[in-house]
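Please read it with the structure open.

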Amino acid sequence: MIHLADPDERLLRLASAEGIPLDVLEDWRTTDRNGESAPALALRDNMTVWLSAAEPGTGLPAFGTGMAATSMSVVGGCIETLSVVTASPDPPAAAQRDIFEAVALWATEWLRWPTRSSGSGDPTEWRRPSRSDRVAGVGAWDWNVRTGEVVGDESLAVILGIDQGVCDTSVEDWAAVVHPDDLLRAMSDVTEAFVTCRPYSADYRLRRPDGAERWVQVHGRVILGEDHRPTHVGGVLWDTTEPTTWAESATRELRHMADGFVTTDQDWHITYVNIQAERLLGTSESCYGTSLWDLPSVRSSGPGLEADCRRAAVEGVPADLDVQWLTDERWYRVRITPSPDGHVLHFADVTDKRLLDAERLQSQQAAAERTDLIGQLTQALAKAVTVRDVAHAVAAGVRPPFGAVGVVVQIIDGEYLRVVEAVGYPPEFVERVGRTHVSDRTANADAFRDRAPVYLTSRQDFIRHYPQYADHATRGGKQAWAFLPLIVSGRPLGCCVISFSQPHRFTEEERSLLATVSGLIAQALARARLYDSEHRRATELQRGLLPRALPELRATATAARYLPTGSGVGVGGDWYDVIPLSADRVAFVIGDVMGHGLSEAATMGRLRTAVRTLASLELPLDELLAQLNDLVSDLGDDFYATCLCALYDPVTGVCTLVRAGHPPPALLLPDGTVTFPDLPLEPPLGAASPPFETAELNLPDGSILVLYTDGLVESAARDIDTGMAQLAAALTAAHGALSNGRQPGSLCDVLVTSMLPGQETNDDDAAVLVARANRFPADAAASWDLPEGPVAAGEARKHVRHTLSEWHLDDLAMATELIASELVGNGIRHARGPFRLRLVRGGVLTCEVSDHSLTTPRVRRARDTDEGGRGLQLVAAVSQRWGARYTSDGKCIWAEQALPAE
């Protein structure tokens with residue numbers, strides 16, 4: 001509802017209403033401006049008020065439960081109020097009050113332009129102004145452009161001096177009433193409104209039927225139809241014949257306004273003050289003609305008031321300034337408005353509003369801080385991967401905002417609550433309360449079982465509820481606690497304890513926020529437990545697929561490291577292996593299955609098993625990779641792998657290498673030189689076409705061979721050439737330390753630290769295998785060419801006996817003579833010469849017999865009546881192991897015996 005203050009009476013008259021039944025409007029057509037209704041209070045106090053229907057004397061409509069009202073500025077000489085009937089019994093919130101006041105300010109400028117109802121949209125709703133729109137001296141009218149019919153209300157009939165009742169005439173009759181001297185100007189204004197479709201205003205004279213002339217002010221607005229052409233012109237008409245009466249009435253009203261009102265001339269000499277302004281300025285009407293800036297009360301307000309007033313006068317625009325007046329120590333909003341004759345200053349008391357604004361700002365800041373807390377904690381928990389990461393995020397993100405000093409995070413482990421992180425507590429106390437049975441009568445167990453928070457505001461409160469655990473309250477050093485159950489999908493996962501160093505009463509707002517925080521923690525904890533479980537299984541799988549320990553060999557000293565990628569489950573397809581072969585030879589293998597994850601790890605395990613199986617058959621490296629390539633190809637078109645194999649013979653010092661799509665090894669020579677051997681590069685396994693080309697290197701004694709996967713030297717921020725250069729620099733820097741007797745394991749650690757300083761952020765798996773090649777002395781092997789024929793066995797026994805005597809291995813002479821005799825005899829009978837015998841003293845004693853036949857020996861099951869066929873059975877019985885391997889010109893049958901312990 002909108003009410004206008006009648007300047008001649010002590011009444012507020014209803015000017016417009018929306019959404020209120022007609023029978024109710026009859027009670028609100030007029031209201032005493034000195035009464036206790038919401039519009040009257042808003043007008044007198046010049047502020048927004050709200051009254052409840054429960055308060056006596058308010059006279060609110062029966063269908064509402066409250067009314068909010070605010071005053072509006074002067075329009076057309078009338079002071080107005082805007083009222084809203086509310087359906088809620090609660091006072092408007094601060095945000096609602098701000099919106100209401102903003103709408104009132106906006107409506108002040110638009111009230112003079114009547115707008116169509118927001119109801120049906122039918123233009124006939126404009127044709128008959130409602131009874132609530134009638135007010136003395138103001139008439140409403142509507143002109144149907146297409147029919148020429150003009151309809152007005154009773155007030156319009158009074159102003160025009162025609163019969164009482166609804167005015168119903170035509171536009172021609174209307175034009176006949178306009179003074180002839182003003183008719184052209186009035187019609188010109190209407191015509192311009194038709195063209196521009198904008199609101200218009202006009203002042204002209206009317207000549208009533210009784211001959212009296214009246215000055216009127218007309219405001220109208222053009223309404224367009226569905227064809228976007230004018231259909232109606234509607235508006236209001238004011239009788240402005242008696243401005244002096246209105247001015248005197250306005251002066252009386254201004255004199256007694258609750259706000260201060262001051263006018264000055266162009267030189268800032270006071271020309272008018274009302275009663276409230278006299279109180280503020282500490283003066284009376286005798287100050288007329290005095291300079292405003294000479295008053296002590298104004299000078300004590302500070303230079304800002306005068307400066308802003310003078311700036312507004314220069315700029316010609318209104319300005320607002322909040323000033324704390326020293327005479328009553330209250331805050332006033334001073335509005336400086338330049339006028340043609342001088343300046344107008346309006347003082348409105350905004351102390352209460354500032355207090356409300358301060359409280360609202362404080363509330364908004366608290367809400368913003370809480371929102372920021374939730375946002376930061378959510379981000380930290382989103383980044384947390386493991387259960388321990390979640391606990392760290394909780395400890396870092398919860399304590400500062402709540403002023404807490406301790407945080408404990410517990411998860412359910414069987415029937416116990418187990419502490420996974422504790423911050424702010426002595427270690428001995430954490431160890432003491434590390435496990436709590438869920439059936440115990442403790443605060444955390446109660447919160448877990450009942451799925452409801454437990455708040456203990458002081459030590460006395462703790463002891464009163466849990467006297468049997470009184471020592472926990474003192475030993476922990478805390479004086480208030482919040483025990484929050486961590487629940488996901490109705491299933492409790494653990495408990496979070498937040499503690500304080502001083503007694504603390506938890507407000508409803510804090511409890512609500514803590515409940516929200518516990519929900520976030522529970523969600524993150526559930527996700528982290530799933531990750532930990534998956535990561536643990538994946539790690540166990542990876543550990544089972546890679547060598548648990550590298551063999552200790554006389555020919556080489558080896559060490560290896562595997563570093564999973566920093567993302568995902570932490571497993572991948574990188575692998576390595578060290579495979580002992582006959583005659584103390586050793587094979588080094590490293591490979592990389594394309595991709596990351598459990599599938600790639602499983603493929604890696606299959607390849608490693610295949611390599612060990614093929615290597616145990618003593619296949620040449622090129623044939624081994626050919627077999628491995630077929631295996632990868634059979635896995636499917638999406639499977640590829642790189643591989644590098646090296647076979648080292650410590651007797652000759654020769655290292656044979658072959659690679660398929662893999663980076664070359666790094667070779668650290670005894671003098672500190674680092675090289676990357678230029679090896680033939682074949683495509684990756686699964687895309688290669690055998691045969692594979694091999695290369696041979698002659699390694700000096702003590703050389704170090706470094707095999708690695710691309711994850712060690714290549715990343716998104718580093719290309720492989722740069723990475724290999726950095727690897728060479730790291731090996732060179734570590735050469736001095738290795739020369740002082742440090743083991744390959746130390747070199748692995750140096751390389752990992754140098755090449756992957758942030759291991760948790762690496763985006764690819766990485767594996768590195770370091771092998772130091774030890775070359776056997778020249779007297780560690782002896783070989784002889786044997787004659788063809790039966791005498792060869794005797795020659796072999798003689799060479800064995802003599803050599804083992806020189807090596808002080810006489811205890812092995814009989815068994816070794818038997819092995820050599822049987823192997824030579826087997827070759828003479830089933831193969832072809834020439835024959836050669838070799839003894840190698842390394843980690844074991846190896847006896848080898850070579851021939852030029854490709855026939856593979858096999859063990860026969862001889863019958864009791866057979867005279868032969870038991871030679872290989874005897875060899876297998878007296879040796880540790882035996883086997884055969886192919887050479888470039890035939891084959892070699894070998895047998896190993898363990899050397900004496902001394």
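**Overall picture**

This is a predicted model. The protein chain has 25 helices and 39 strands. Of its 902 residues, 47% are buried. Contacts between residues at least 6 apart in sequence were also sorted by separation: 57% of them join residues at least 24 apart.

Helix H24 covers residues 813–830.

Which residues of H24 are buried? They are Ala813, Thr816, Glu817, Ile819, Ala820, Ser821, Leu823, Val824 and Gly827. The cover over these buried residues includes two helices, H23 (791–806) and H25 (871–878). Strands also contribute, among them E35 (781–786), E36 (835–841), E37 (845–851) and E39 (890–897).

Two packed helices are described by the angle between their axes and the distance between the axes. The table gives both values for each pair.

| Pair | Axis angle | Axis distance |
|---|---|---|
| H23 and H24 | about 150° | 8 Å |
| H24 and H25 | roughly 150° | within 9 Å |
| H12 and H17 | roughly 165° | within 9 Å |

Take H23 and H24, with axes 8 Å apart at about 150°. That angle makes H23 roughly antiparallel to H24. Their crossing is right-handed. H23 brings Ala792, Ala793, Ala796, Arg797, Val800, Arg801 and Leu804 to the contact. H24 answers with Ala813, Thr816, Glu817, Ala820, Ser821, Val824 and Ile828. These contact residues divide into nine nonpolar, two polar and three charged.

H24 also packs on H25, crossing at roughly 150°. H24 is therefore roughly antiparallel to H25. This crossing is left-handed. On the H24 side are Ala815, Leu818, Ile819, Glu822 and Leu823. They meet Gly871, Leu872, Leu874, Val875 and Val878 of H25. Eight of the contact residues are nonpolar, one is polar and one is charged.

H12 passes H17 in a right-handed crossing. Val387, Val390, Val394, Val398 and Phe402 make the contact from H12. From H17 come Glu510, Leu513, Leu514, Val517, Ile521, Ala524, Leu525, Ala528, Arg529 and Asp532. The tally is twelve nonpolar, no polar and three charged.

Arginine 838 sits in strand E36. Is arginine 838 buried or exposed? Its relative accessibility is 18%, so it counts as buried. Beyond residues up to four places away in sequence, arginine 838 touches Ala583, Val651, Ala782, Ser783, Thr846, Cys847, Glu848 and Arg885.

Valine 262 belongs to strand E13 (residues 260–264). At 0% relative accessibility, valine 262 counts as buried. What does valine 262 contact, leaving aside neighbours within four places in sequence? The partners are Ile270, Tyr272, Val273, Ala277, Leu281, His343, Val344, Leu345 and Phe347. Glutamate 278 lies 16 residues away along the chain from valine 262, and their C-alpha atoms are separated by 9.0 Å.

How values were computed:
Residues numbered from 1 in each chain as written. Predicted model: local features only at pLDDT ≥ 70, side-chain atom pairs only at ≥ 80, totals over all residues. Heavy atoms only, no water. Helix = DSSP H or I, 4+ residues; strand = E, 2+ residues; numbered from the N terminus. Expected span 1.5 Å × (residues − 1). Buried < 20%, exposed > 50% of the residue type's maximum accessible area, 1.4 Å probe, protein only. Contact = heavy atoms within 4.5 Å. Axes fitted to C-alpha atoms, helices over the stretch in contact; angles between N-to-C directions. Parallel < 35°, antiparallel > 145°, perpendicular 65-115°, else oblique. Left-handed = near helix turned anticlockwise from the far one by under 90°. Nonpolar A, V, L, I, M, F, W, Y, C, P; charged D, E, K, R; others polar.
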